[in-house]
Amino acid sequence: MAEDDTTLARHAHIFDVLIVGAGGAGMRAALESGDRARTAVLTKLYPTRSHTGAAQGGMCAALANVEDDNWEWHTFDTVKGGDYLVDQDAAEVMCREAIDAVLDLEKMGLPFNRTPEGRIDQRRFGGHTRKHGEAAVRRSCFAADRTGHMILQTLYQQCLRRNIEFFDEYYVLDLLMTDGPDSQVAGVIAYDLATGEIHTFRAKSVVFATGGFGKVFRTTSNAHTLTGDGMGIVYRRGLPLEDMEFYQFHPTGLAGLGVLLSEAARGEGGILRNADGERFMERYAPTIKDLAPRDMVARAMANEVREGRGVGPDKAYVLLDLTHLPKEQIDAKLPDITEFARTYLGVEPYDEPIPVFPTAHYAMGGIPTDITGQVLRDNTTAVPGLYAAGEVACVSVHGSNRLGTNSLLDINVFGKRAGIAAAEHALTVTLPDPPEDPAGPVVAMLEGIRASEGGERVAAIRAALQETMDLNAQVYRTEGSLKQALGDIEGLRERYGRVSVQDKGRRFNTDLLEAVELGFLIDLAELLVASALARQESRGGHFREDYPHRDDVNFMRHTMAYRQVESDGSATIRLDYKPVVQTRYQPMERKC
Amino acid sequence: MDVTLTIRRFNPETVDEPSWQSFEVSVQPTDRVLDALHTIKWEVDGTLTFRRSCAHGVCGSDAMRINGRNRLACKTLVKDIDPTKPITVEPIKGLPVLKDLVVDMEPFFAAYRSVMPFLVTDGHEPTRERLQSQSDRERFDDTTKCILCAACTTSCPVYWNDGQYFGPQAIVGAHRFIFDSRDAGGAERLEILNDREGVWRCRTTFNCTDACPRGIEVTKAIQEVKRALIFR
């Protein structure tokens, strides 16, 4: 079709399996799917730019290479760390398959650090213990403090080896489904950034692996590109999102910047101190201290600051002290994060402690799936042909708080499972017909924003959104703060209706791209806050000062949020709930 | 403080030739050049186009030529370059410019793909991990740090002037496997690098080593590959 001023050129493709996103989960899925069915990977970046590459500390698996360990202890830690909101069947799968997941990566060439015997080395990490909490265990397999980088590179290398087909800088903007109550996946619509043209990809299976939405917060370890597109697309198609109130704040972000400093720093012996030099975690978690689960450490840090024991001109942060560690250990095990401290804060970690404060890091919630990676349209029914894996998904192996290293594990275990399931599904069905004018809604959205002269700027709305989220929906929440955030978001959504872009061109229009991303961010921020408001308890990453205790009677259940379209065409959020799967562990109080 | 950024602009949709445009922006000395670019894009001119993602030097999206040197915009602080003079920002050289600071990365990735950048093994797979001594692991550590940002390749004068040479990054990518004790593809990979347009085109100018934001000793890696070819 010829291109003119009003009509985008359109292209059509057909595959068996489409994978949306080329981080760890997407590429792990592609490796499985590519061997079984005709597969394409669509990514709005280049594959090696994905944020898996920023993960640092490691990937836990009970290899028992350096001390006694087994996957059942790992499962217990995962369930307990998630404050018992974890679906235990899923956690068992993840921790049992963790061992092969690590060995698979090693066989693909991942350069793990080694023990003196030449085996994969392992180190301690927050919340990982032996014998159900007896003491910290060395379970994390790692490559210095760039484990995620090595995973991303290794998976990309293997994709090249297998000639996996990539569509780089193709931004997926819609999911195609057949009509009717038993609707199934028919493909996706993608926007080619380089040309501004629209591509319809028909397929039998689609795997979403688009990562998280950390950019709803101002202080975040997440990349600029983590705008929750996959979750937003699925939600707008009427499918639920699970446990959106549970968002993890990583304790050690570089103060003021949010750049991640791995928990490995504390695994290697680093200590958190307040303005008095006190190792304050001894008061909050007497047994495992600085290696307590992330939600506890983040709250403890925030509490030190608000009680006036913060450091710096505004007493706004605490300190991560590595000065007692040998330089050789820092250089060998923590080279990247110490360089971040030098580059961005001008701090020499050999001699000075590093200013740190919690940073928005990881969405425990997301697109609900079963343990094969199949997406659910309600509490029990799967959507034929639709899969999700990694941070975009909620299996739920992280419950209300993810343990460190379990995300790199999650992407490998469930990326693999989703890739297999998606390919096997594709081999059993015929290609569904797409709906009429499949690209119509996407073209209308893009052209609407491009043509708008409303005058509201993307950056101004986004900054206001991030500010209210940091202020009102962070580690401490109350009914008042959440209602404030909800009101603010409503106002911002109204302003978003008048958003306009300065770049009206086709080619590489990142101005337009950011406007589209902001729409997803607004949807997801509202979902997070609405889900948090309804959860009148404190559990894991969700802490309500007005309901400071866990309430298993009323809230041992997953939140399921649906987009409900009212008779006047407006959309509201409808909240429902789903039972937690419990197999062998009864909820206990989480002490450290 | 106020700084001036002088940026090489080019949108082939609307103009035939690139041109320079200056912007004055208010920044903190500790801001990254990327922050200054964002301020321009978000507050002044939404058409300014560049790639970026992680914003802390690990994803490799925002390699650009800043004051004549290849760097990552997110790893270059304003205070670390002379902010009293205009800061020039251009796309990395040697790859076709698509728009402003965005270049076509395909020739770069094609060169990477050509050197078999993946582990090649033979024999039976062990049930557990392959063993590797700590010193064998250390042997290729430096080149595992590569983030494929293209800062090295697009700083190489041979690459600029020779349409065939596959550039320093591809050699780094090959080095990472040639010196991995687990790999069995070394001979084949070395043959690729021994090509007329291969490793011998390197003139040892060290631009690549200077440009690498990850501190990889790129020139040294290239010399090690040359030596491996001579002594194979």
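**Entry 1: the A–B contact**

I began with the contact between the two chains, taking contact as heavy atoms within 4.5 Å. Chain A brings 60 residues to it and chain B brings 65 residues. I noted that this is a predicted model, where local features need pLDDT of at least 70 and side-chain atom pairs count only at pLDDT 80 or more, while totals for chains, interfaces and linings use all residues. Residues are numbered from 1 along each chain as its sequence is written, chains are lettered from A and ligands numbered from 1 in the order in which they are written, and side-chain values use heavy atoms, with hydrogens and water left out.

Next I looked up the buried area, that is, the accessible area (1.4 Å probe) that two parts lose on being put together, summed over both. Chain A and chain B bury about 5,400 Å² between them, and 48% of that is on carbon and sulfur atoms.

**Entry 2: charges and polar pairs**

How many salt bridges cross the interface of chain A and chain B? I found seven, a salt bridge being a side-chain nitrogen of Lys or Arg within 4 Å of a carboxyl oxygen of Asp or Glu. I also looked at A:Asp336 and B:Arg214, whose side chains form a salt bridge at 3.0 Å, N to O.

For polar contacts I used pairs of N or O atoms within 3.5 Å; within protein, one must be able to donate a hydrogen and the other to accept it, and residues adjacent in sequence count only if both atoms are side-chain atoms. Between chain A and chain B, 42 residue pairs are in polar contact, both residues at pLDDT 80 or more.

On the side of chain A that touches chain B, the elements giving two or more residues include α4 (147–161) and α15 (510–534) of chain A. Helices here are DSSP runs (H or I, at least four residues) and strands likewise (E, at least two), numbered from the N terminus. α4(A) gives the most, with eight residues.

**Entry 3: A:Ser396**

I then turned to A:Ser396, in the loop between β20 (393–394) and α11 (406–426) of chain A. Is A:Ser396 buried or exposed? A:Ser396 counts as buried, because its relative accessibility is 1%; buried means under 20% relative accessible area, exposed over 50%, partly exposed in between (1.4 Å probe, protein chains only).

A polar atom of the A:Ser396 side chain lies 3.2 Å from the backbone nitrogen of A:Gly399. Leaving out residues up to four places away in sequence, A:Ser396 touches several residues, among them A:Asp87, A:Glu242 and A:His558.
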